[in-house]
Amino acid sequence: MDQPLRDDESVTPSGTPTALPDPDPSAEASGDAPPVSATGHGRDWLEPVSRRPLPVALVAAAVVAVLAVRIGLRPELAAFCYLGVVGAVLAFIDAALHRLPDPLTLPSYPIGAALLGIAVPFTDDGGTRYLHALAGLGALLLLFVVQWVITADAIGLGDVKLSGVLGLYLGWLGSSAWVMGVFAMFVLGGVYAVGLLVTRRATRKSAIPFGPFMLAGALAAVVSYGGQY
């Protein structure tokens, strides 16, 4: 009697069932794989933005306004406004999909470095600030890489990629801003996680997007130290 085929089997010319090969792991990365709504992988990462463009635009505009007021008409304002807009978009995406997409995080390294570099000749101690920015990038990236290696289930690779960008900007503002920003990231994320646990809206194994808290912590430090030089 013929045996029913499983979903992972096909039939050879001789009629013998054989397992289908695993799907090409590069298919999802190239966009050929179907969307997977459960985890957010394979989905259009701009979907949360296209679905709610007005809230994203309002948050981005509010962040830029706060940065403009706090930093003032300084040469580095363009760099921080860029971070404010990209950060607002990333926060919405990460909250919805638990993803920090490479097309937004990775280009922010050269763009942020270039915009701050342009500000160097027009800023007091600009060269020193730029060196501090690069040091802040490396230090925060290293901190997150170490965490990811030790506890890969507690931090995402997207968080690691974003960390260097935030370290760049915090380093520009100085060591005190860098320390405050990093501290605020973990405090805000921790308070939110504890709140979810207390209200039983999550368990210790629940995945919580950390990107919005990284961005909020960095923003808090920028607001606190952006106008102090």
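This is a predicted model: local features need pLDDT of at least 70, side-chain atom pairs count only at pLDDT 80 or more; totals for chains, interfaces and linings use all residues.
Sorted by class, the contact of α4 with α6 holds eight nonpolar residues, one polar residue and no charged ones.

For orientation I stepped back to the whole protein, which has ten helices and two strands. Along the sequence the order is β-β-α-α-α-α-α-α-α-α-α-α, and of the 229 residues 36% are buried. I also noted that, among contacts between residues at least 6 apart in sequence, 69% join residues at least 24 apart.

Next I asked myself at what angle α3 and α4 pack. Helix α3, residues 53-71, and helix α4, residues 77-97, pack at about 150 degrees, with axes 9 Å apart, and α3 and α4 are therefore roughly antiparallel to each other. I recorded the crossing of α3 and α4 as right-handed. From α3 the contact draws on Pro55, Val56, Val59, Ala60, Val63, Val64, Leu67, Ala68 and Ile71, and these meet Leu77, Phe80, Cys81, Gly84, Val85, Ala88, Val89 and Phe92 of α4. By class, the contact of α3 with α4 has 16 nonpolar residues, one polar residue and no charged residues.

I turned to α7, residues 126-150, and checked its length: at 1.5 Å a residue its 25 residues should span 36 Å, and the end C-alpha atoms are 36 Å apart, which agrees. Which residues of α7 are buried? I found Gly126, Arg129, Ala133, Gly136, Leu137, Leu140 and Phe144. The elements that cover these buried residues include α6 (108-119), α8 (157-173), α9 (175-198) and α10 (211-225). As a reminder to myself, an α-helix has 3.6 residues a turn, so residues three or four places apart point the same way.

I then looked at backbone angles, remembering that most residues other than glycine have a negative phi. His98, although not a glycine, has a positive phi of about 60 degrees, and this residue sits in the loop between α4 and α5 (102-105). Its relative accessibility is 37%, so His98 counts as partly exposed. Asp125, also a residue other than glycine, has a positive phi near 55 degrees and lies in the loop between α6 and α7. Is Asp125 buried or exposed? With a relative accessible area of 58%, Asp125 is exposed.

My last entry concerns Ser224, which lies in helix α10 and counts as partly exposed at 26% relative accessibility. Leaving aside neighbours within four places in sequence, I found Ser224 in contact with Arg70 and Met180. I also noted that the C-alpha atoms of Ser224 and Leu173 are separated by 9.9 Å, while the two residues are 51 residues apart along the chain.

Note on methods: Residues are numbered from 1 along each chain as its sequence is written. Side-chain values use heavy atoms; hydrogens and water are left out. Axes are lines fitted to C-alpha atoms, for helices over the stretch in contact, and angles run from 0 to 180 degrees between N-to-C directions. Helices (H or I, at least four residues) and strands (E, at least two) are DSSP runs, numbered from the N terminus. Angles under 35 degrees count as roughly parallel, over 145 as roughly antiparallel, 65 to 115 as roughly perpendicular and the rest as oblique. A crossing is left-handed if the near helix is turned anticlockwise from the far one by less than a right angle, and right-handed if clockwise. Contact means heavy atoms within 4.5 Å. Ala, Val, Leu, Ile, Met, Phe, Trp, Tyr, Cys and Pro count as nonpolar, Asp, Glu, Lys and Arg as charged, and the others, Gly among them, as polar. The expected span of a helix is 1.5 Å times one less than its number of residues. Buried means under 20% relative accessible area, exposed over 50%, partly exposed in between (1.4 Å probe, protein chains only).
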